[in-house]
Each structure stands twice: as C-alpha cells, then as structure tokens.
Amino acid sequence: VTAPTTAPEIERYLAAVRAALADLSTEDREDLMEDVASHLADVAAEGRGTLEDRLGKPWDYAAELRSAAGLPVAGRATRQSWSAGLSAAVASSPVGRALAAASENRQVRDFRGFLPELRPGWWVLRGYLAVLLLSAVFGEGSAGIIPRVGNSALLGLLLTMAAMWGSVRLGRRWQAHPPGKRWAVAGAVTAVVLGVFFLATGFGFNRSSSPDVYYGPPPESASVSDSLTNIYAFDADGHPLTGVQLFDQDGKAINVTASYDANGNELHMQRRFTVSGVPVDNVFPRQPADGIGQAPPFAPPRLAPTAGPSPSPSVAPSGGASPVPTPTPTPTPSPR
Amino acid sequence: VDTTQLLKGVLDLAVLAVLAEEDGYGYDVVRRLRAAGIEEVGDASVYGTLRRLFTAGNLSSYVVPSEEGPHRKYYGLNAAGRAALATQTKSWTGFAETMDSLLHLDSHFKEESAK
C-alpha cells in the first residue's frame, strides 16, 4: 500500500525534527537540517508509505541523528551549562569555600556517604508527613500520631500506609530515572501539591468561618458579622446586662460589626466610644442608633446556684468609664 | 547478539568502505549499505555518521545540481578518510579473527554446517 507523501507532510516532519534539535547551536542545527531536508525529499520520492512509516517519529529520528553525529543528547548541553554555572558561582562564594573545607573533614565525608542509606527511611517518613499535612490542612487533627481522615483514625491509618507504600515505590522508580527527567517530574509534582494545598486552605477558611466568637472573624470571611448581629448577656438571675465589653483570652476585643440582620434589613447601631474617644465594637448588647434601648427579645433560664459562694459578675453600667484594655479594631485572623 | 549494537561499533567503517568504492550522497549511502546486507541501520544513523565523519575531517563534500529534486551533497574520502579506513579495517580484521578463534569458527562451525 503506497500512501503518497505530500509536501505538507514533509514540512510537518521537518518542523518537528527542527524543534527536537532546538537546543543545538544554529550552525549545527542548520547543517543537520540541510541533510534532513534532502533525506526526506529522497524518501518521499520513493513513494513507499508515509514518512513516519519509513523513518519513525520525528523526535526519534532527531535523537538518532544527533547521537550518530556525535552531538550532545537532547537538552543536556543547556542544562549542564546552567547547573555548571550555578555550581561554579556557589563554589567561589565564601559559603562554598567553607563547605568545600568542611567536606574535606572525615566525619562530614562519612556522614555524606551515610545519607543514601537513609533514603528508604525518608521515603516512609514523607508518605506519613503527606497524610499528616493533608489532615492538618483540612483541620482534622490526629488521633495520637495517626492522622485523621474523614474524621476517622482507621481511614487515616489506611491512607497513611498507602501513602508510605506509594512513596517508597515512587522513590525506587525515581532512582531509575535520569536526573533530567527527575527534575521535570519533581516540578510537576510540586505544582500539583501546591495546587492541592491552596485549594484545601481556601476550603479550610470557609470551615473556620463558623461563628466562633472566641476569635475575631477572619478578615476575608464576613460570616461572623453576617450571622451574628448582637450579643445579649444576663446575670445568673436572668437580669439583662448592658454595656458588657467582651474580650478574648489575649485581651483582644471581640467585635461584632454586622450592619444587616438575617433578613437583609439594615441595622443602624450606636457606635460606642472609650473615654479617650476611641470607637469600639465589642460593647453588648448593641443598641439601635435611634437611641431607644433594645430589650432582649427573649428570656434566659435562671441558673442553679453553684456549690461555693458564687460571685455575681460586676459589670460597668452603660456608658461607664471603666478602664478599657486597648481595643484592637482590627480582627485577628483565626490561627486554625 | 543484538545486531544493532554490533553495527554501532562498525558503522563508521561500513560508511567509509561504501564511500571508498564511489562517492555518494546521503540516501545513496543508505541504499548501498542496505544492498550490501546491512538492514538494521536507521537512515538517521547513516546521515548522522556522514555528518560526524565530515566534521572530523575524514570526508570531502561537493554539491551536485539535480534535475528532479534539491541539489545533492556528495561525500567522498579524502586522505584522512582513506587513512582512517585503513586503520579501522586493520582493527576490524584483527578483532574478527580473535572472535573467530574464540568461537572456534574455523573448525567447529564448518563441521556443524556440514551435517
């Protein structure tokens, strides 16, 4: 069966070979391309099958050609010169000289010789660390040393073992690859891991935005102020308290600054100020701006007395001039 | 034995030998090698070898206009090429003899094939 070889086919093949030789010097490449052009013309003139049938894939053809011509194997020349330049720069720096001196040291040499022995251990460890990181990123923590996955320690254990096995397998196969290919793979893997990490942290932010009043709302997620519009405080007898200032364990103000209620109605709230005139958003309950005091829309249960003498909370009255710890108007991002 | 591997070592010699008979252009050399029974060699290997021998100064080249296609670049042996052919022929013959005696080809193989 003869398929006529067309000019566009030759052009495509030529272009692919040229691309595969792109790292050669212009002179070497053009010399070779001249030969390739006449070769393809001769092969096409025979009219026995397509170029690929006769000569194989263009990049294989290019690899065979440059290898037979005694030119460097694809990519290696540029990479070597790049890394050689870097190594030279490092070696001539003071740090490089110190390192060179250190590597003369016998113990250092022994230690370096020992490093490859540690590789399998590292493969196992990184498998474990990968699952641990994943679990931490999704805020699942760990049961003892076993990372939780899907809120299950068993699943975490299984995944950890799978990751260790995969990591060791990867490590062994990795060693079989030429260094050039290793770097390419490492780059791809790093990109994927970073992508997953950023996706997961974005996801984590949403999760942590549940109304957790002990932490200020994360700057980006407004959901605390969305869902939480006011706080009502009562004493043990169920008496409403006013002018209550709330702080977390670090003395940071717990602010509520929502300006819309759950139904989307705009809230006009009074802004309170310290005696020194600093506006604060951690005084509760928040009062409507029209000045009319807002009674709590519900009544709390009364508390049974505790065993000991229960100290009743002492609270500064509304508008009181009690000393205020420096309020931090900026919400602190949650460290989860 | 993988013939392709063997060929790698002697392709230079084969190409030099072909060109010693008569000058030729790339595809002509490919065809003449095939006709001589060297089938496994890839076209690209032959073209690459020609390029390397030329760069090393073993070949001279000249362009011949062609009526049917592009101009053809012919290669021929120069003095250095002829010297290289002589040296390599010598080492090949020596090597082949060594292998022959190692394999007892002279006696053994003849007996075997006679049966």
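Is Asn282(A) buried or exposed? In this predicted model, Asn282(A) is buried, its relative accessible area being 0%.

**The setting of Asn282(A)**

- Asn282(A) belongs to the loop of chain A that runs between strand S7 (279-280) and strand S8 (283-284), and with a relative accessible area of 0% it falls under the 20% limit, which means that it counts as buried.
- A polar atom of the Asn282(A) side chain lies 3.0 Å from the backbone oxygen of Leu246(A).
- When neighbours within four places in sequence are left aside, the residues in contact with Asn282(A) are Val244(A), Gln245(A), Leu246(A) and Phe247(A), together with Ala253(A), Ile254(A) and Asn255(A).

**The interface of chain A and chain B**

- Chain A brings 18 residues to the contact and chain B brings 16 residues, and the area buried between the two chains is about 1,400 Å², with carbon and sulfur atoms giving 52% of it.
- On the side of chain A, the residues that lose the most area to chain B are Asp35(A), Asp42(A) and Ala68(A), which together account for 34% of what that side buries.
- Seven salt bridges are found by the rule across the interface of chain A and chain B, and one of the salt bridges in the model joins the side chains of Arg72(B) and Asp42(A), with 2.3 Å from N to O.
- Between chain A and chain B, nine residue pairs are in polar contact, counting those with both residues at pLDDT 80 or more.
- Helix H2 (26-46), helix H3 (51-55) and helix H4 (58-68) of chain A are the elements that each give two or more residues to the side touching chain B, and H2(A) gives the most, with ten residues.
- The residues on that side of chain A divide into eight nonpolar, three polar and seven charged.

**Aromatic pairs**

- Over all chains, the count comes to seven aromatic pairs, among them the edge-to-face pair of Tyr13(A) and Tyr61(A), with 5.9 Å centre to centre and 80° between the planes.
- Because Tyr13(A) lies in helix H1 (residues 7-20) of chain A and Tyr61(A) in helix H4 of chain A, this pair ties together parts that are 48 residues apart in sequence.
- Tyr13(A) is buried, with a relative accessible area of 3%, and Tyr61(A) likewise counts as buried, at 2% relative accessibility.
- Tyr232(A), Phe234(A) and Phe298(A) are linked by ring pairs into a cluster.

Definitions and conventions:
Residues numbered from 1 in each chain as written. Chains lettered and ligands numbered in written order. Predicted model: local features only at pLDDT ≥ 70, side-chain atom pairs only at ≥ 80, totals over all residues. Heavy atoms only, no water. Contact = heavy atoms within 4.5 Å. Buried area = accessible area lost by both parts, 1.4 Å probe. Salt bridge = Lys/Arg side-chain N within 4 Å of Asp/Glu carboxyl O. Polar contact = N/O pair within 3.5 Å; in protein donor to acceptor, adjacent residues only side chain to side chain. Helix = DSSP H or I, 4+ residues; strand = E, 2+ residues; numbered from the N terminus. Nonpolar A, V, L, I, M, F, W, Y, C, P; charged D, E, K, R; others polar. Buried < 20%, exposed > 50% of the residue type's maximum accessible area, 1.4 Å probe, protein only. Phe/Tyr/Trp six-rings, centres within 6.5 Å; stacked < 30°, edge-to-face > 60°.
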